[in-house]
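Here is a short briefing to read with the structure open beside you.

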Amino acid sequence: VYVSILKKGKVISYENKSNRYVWLQVARGSLQINNITVNAGDGLSISEECSLKLKSDEMTEFLLFDLA
């Protein structure tokens, strides 16, 4: 489990292994994940993307779960 707070405009990347899954939960703010916008309260299941680009649209707090 990863927890992060990103300032507005900040961009980070996450490399997912091909045999793993990711669940991302936005607690506060707004985030673009590979050009998909998610807002506070939204969750996103990711299974076939190996490279994730996360960009905050505003001060954003989220959790990223690396799942088997």
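The notes below go from the whole chain to a few residues worth a look.

This is a predicted model. The chain has eight strands and zero helices, and reading along the sequence gives the pattern β-β-β-β-β-β-β-β.

**The chain as a whole**

- For 68 residues, a compact globule would have a radius of gyration near 11 Å, and the chain agrees with that at 11 Å.
- The C-alpha trace spans about 30 × 20 × 15 Å along its principal axes.
- Buried residues make up 29% of the 68 in the chain.
- Take the contacts between residues at least 6 apart in sequence: 66% of them join residues at least 24 apart.
- The accessible surface comes to about 4,400 Å², and carbon and sulfur atoms account for 50% of it.

**Threonine 60, a buried polar residue**

- Threonine 60 lies in strand E8, which covers residues 60-67.
- Its relative accessible area is 0%, so threonine 60 counts as buried, the cut-off being under 20%.
- The side chain of threonine 60 reaches the backbone oxygen of serine 30 at 2.8 Å.
- A polar atom of that threonine 60 side chain also lies 2.7 Å from the backbone oxygen of glutamate 58.
- Leaving out residues up to four places away in sequence, threonine 60 touches Ser4, Ile5, Leu6, Val26, Arg28, Gly29, Ser30 and Leu31.

**The loop between E4 and E5**

- Asparagine 34 sits in the loop between strand E4 (30-33) and strand E5 (36-39), and asparagine 35 is found in that loop too.
- Most residues other than glycine have a negative phi.
- Asparagine 34, however, has a positive phi of about 45 degrees, and the phi of asparagine 35 is also positive, near 70 degrees.
- Are these two asparagines buried or exposed? Asparagine 34 is partly exposed, with a relative accessible area of 27%, while asparagine 35 counts as exposed at 73%.

- Tyr21, Trp23 and Leu67 make a nonpolar surface patch of about 280 Å².
- Tryptophan 23 belongs to strand E3, residues 21-28.
- With a relative accessible area of 34%, tryptophan 23 is partly exposed. Patch members need over 30% relative accessible area, so tryptophan 23 passes that cut-off.

Terms used. Residues are numbered from 1 along each chain as its sequence is written. This is a predicted model: local features need pLDDT of at least 70, side-chain atom pairs count only at pLDDT 80 or more; totals for chains, interfaces and linings use all residues. Side-chain values use heavy atoms; hydrogens and water are left out. Patches are made of residues with over 30% relative accessible area and no salt bridge: like charges are joined within 9 Å, nonpolar side chains (Val, Leu, Ile, Met, Phe, Trp, Tyr) within 5 Å. Accessible areas come from the Shrake-Rupley method with a 1.4 Å probe; for residues, only the protein chains shown count as cover. A salt bridge is a side-chain nitrogen of Lys or Arg within 4 Å of a carboxyl oxygen of Asp or Glu. Helices (H or I, at least four residues) and strands (E, at least two) are DSSP runs, numbered from the N terminus. Buried means under 20% relative accessible area, exposed over 50%, partly exposed in between (1.4 Å probe, protein chains only). The radius of gyration is taken over C-alpha atoms; the globule rule is 2.2 Å times the number of residues to the power 0.38. Contact means heavy atoms within 4.5 Å. A polar contact is a pair of N or O atoms within 3.5 Å; within protein, one must be able to donate a hydrogen and the other to accept it, and residues adjacent in sequence count only if both atoms are side-chain atoms.
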